[in-house]
Amino acid sequence: AARRRGGAAARRLSTVELAAANAETTTRWTYWTVPFTPTRYRTSLYNQVLVLWSRSLKHTFRTPLLFWMHVVVTLCIGALIGAIFYQRALDLAGVQDRLGSIFFTLVLFAFANLSALDLFISERHLFLREREWEWYSPFAYYISKVLSDFVVIRALMPLMFGAIVYNLVGYRPGFAHFWLYQAYIMLNSTVSAALMYTLGVAMPSVAVGNLSAAMLLLFFMLFGGFLLNLNTTPWYALWASYTSFFRYAFEGMMVNELDGVTILFNPRGVAVVVPIDGKVFLDHFYFSEHSLYVNLAYLAAMTVGLLLLGYAVLHLCVRSLR
């Protein structure tokens with residue numbers, strides 16, 4: 001009996017010593033706390049991503065309110081924009097309406113992606129607990145969350161919207177022009193979603209994340225090329241226009257819509273109607289017709305860059321001191 005009591009005391013002592021040792025190797029990064037346990041993952045990265053992705057999809061379809069809200073908003077706003085801007089003519093007022101509808105579309109999907117802020121914040125405690133047990137790597141978790149959200153919401157909804165709006169508004173006809181329009185609104189959505197992922201990983205709460213994201217989006221909107229002409233932008237603020245993903249998307253969509261098109265210049269109160277080339281409007285906004293495909297590459301690069309930044313922030317937040 002004495003030996004048994006001594007063994008139990010020794011086991012309790014070992015547990016206390018182990019807890020103390022783990023406490024010494026605990027990483028504290030603002031609101032993140034993850035103990036380091038030097039164990040290897042019990043399965044491959046592929047299996048980790050597959051299981052986590054499957055779990056994320058099951059969670060999405062078991063709580064489908066967010067998904068269906070995105071669907072309903074996309075369909076309703078698409079029908080509303082199609083009705084308001086129905087079959088715009090290629091004259092001065094029609095060009096203004098086309099540009100307004102394009103910029104509104106970009107802003108719509110950028111702000112709709114504020115819902116992505118909660119993607120990582122809501123599961124923070126679950127992630128930290130499972131990370132402590134070394135069930136999977138942060139990379140597998142990040143990739144699975146991004147894949148499930150990107151495919152189901154951030155890429156699909158803009159494509160649905162474009163399919164509704166394009167012919168109703170009367171944008172430039174042609175198969176290539178239609179898919180360039182789709183590519184731009186989808187990439188605009190993925191860039192803003194990647195920005196939300198990064199903020200969601202870095203921010204301590206949804207409230208702080210919403211305020212930060214709203215301020216950033218408004219900043220990018222200001223330098224998007226529609227509210228402020230690039231030629232009149234002060235020299236000390238020109239750098240901001242090169243950081244705005246709205247600018248690249250708006251410029252590319254304008255070039256896709258106006259380059260090579262004849263527009264009737266018919267200002268109110270003037271009896272003479274003058275046909276002019278769409279390049280005149282592009283020159284007025286200081287947009288280049290050569291940016292049609294280049295800006296697609298810029299938006300894709302910004303998406304990848306922000307996704308990598310989001311993972312880097314996640315990795316730093318859960319790093320363990322060895």
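**A walk through the predicted chain**

The largest pocket holds about 360 Å³ of space. A pocket here is an open set of points on a 1 Å grid over the protein atoms alone, where a 1.4 Å probe fits, with protein on both sides within 12 Å along at least five of seven lines; lining residues have an atom within 4 Å of a point. The volume is the space filled by probe spheres set on the points, which are joined across faces, edges and corners.

This is a predicted model, in which local features need pLDDT of at least 70 and side-chain atom pairs count only at pLDDT 80 or more, while totals for chains, interfaces and linings use all residues. Residues are numbered from 1 along each chain as its sequence is written, and side-chain values use heavy atoms, with hydrogens and water left out.

The lining of the largest pocket comprises 18 residues, and His59, Thr60, Leu66, Leu119 and Asp149 lie nearest its centre. At least two lining residues come from each of helix H2 (45-62), helix H3 (65-84), helix H5 (118-121) and helix H7 (138-154). H7 gives the largest share, six residues.

The mean pLDDT, the predictor's confidence in each residue from 0 to 100, is 84 for the chain, and 86% of the residues reach 70 or more. Over residues 1-39 pLDDT stays under 50. Where pLDDT is low, the predicted coordinates should not be read in detail.

Of the 322 residues in the chain, 45% are buried (under 20% relative accessible area, with exposed meaning over 50% and partly exposed in between; 1.4 Å probe, protein chains only). In helix H6 (residues 124-132) the buried residues are Arg124, Phe127, Leu128, Glu130 and Arg131.

Aromatic rings come next. Rings of Phe, Tyr and Trp (its six-membered ring) pair if their centres lie within 6.5 Å; planes under 30 degrees apart count as stacked, over 60 as edge-to-face and the rest as tilted. By this rule there are 32 aromatic pairs. Tyrosine 166 and tyrosine 181 have ring centres 5.2 Å apart and planes at 65°, so this pair is edge-to-face. Tyrosine 166 belongs to helix H8 (residues 156-169) and tyrosine 181 to helix H9, 15 residues apart. Both tyrosine 166 and tyrosine 181 are buried.

Histidine 177 also lies in helix H9 (residues 175-202). Contacts (heavy atoms within 4.5 Å) join histidine 177 to Tyr166, Arg172 and Asn256, leaving aside residues up to four places away in sequence.

A cluster of ring pairs links several residues, including Phe103, Phe246 and Phe250. Glycine 224, in the loop between helix H10 (206-222) and helix H11 (238-243), touches Phe103, Ser244, Phe246, Arg247 and Phe250, not counting residues up to four places away in sequence. The C-alpha atoms of glycine 224 and phenylalanine 246 are separated by 4.7 Å, although the two are 22 residues apart along the chain. Glycine 224 is buried, with a relative accessible area of 0%.

Two loop residues remain. Glutamine 87, between H3 and helix H4 (92-112), has a positive phi of about 45° although it is not a glycine, and is partly exposed, at 43% relative accessible area. Tyrosine 286 is in the loop between helix H13 (279-284) and helix H14 (294-317); its phi is positive, near 60°.

Note on methods: Helices (H or I, at least four residues) and strands (E, at least two) are DSSP runs, numbered from the N terminus.
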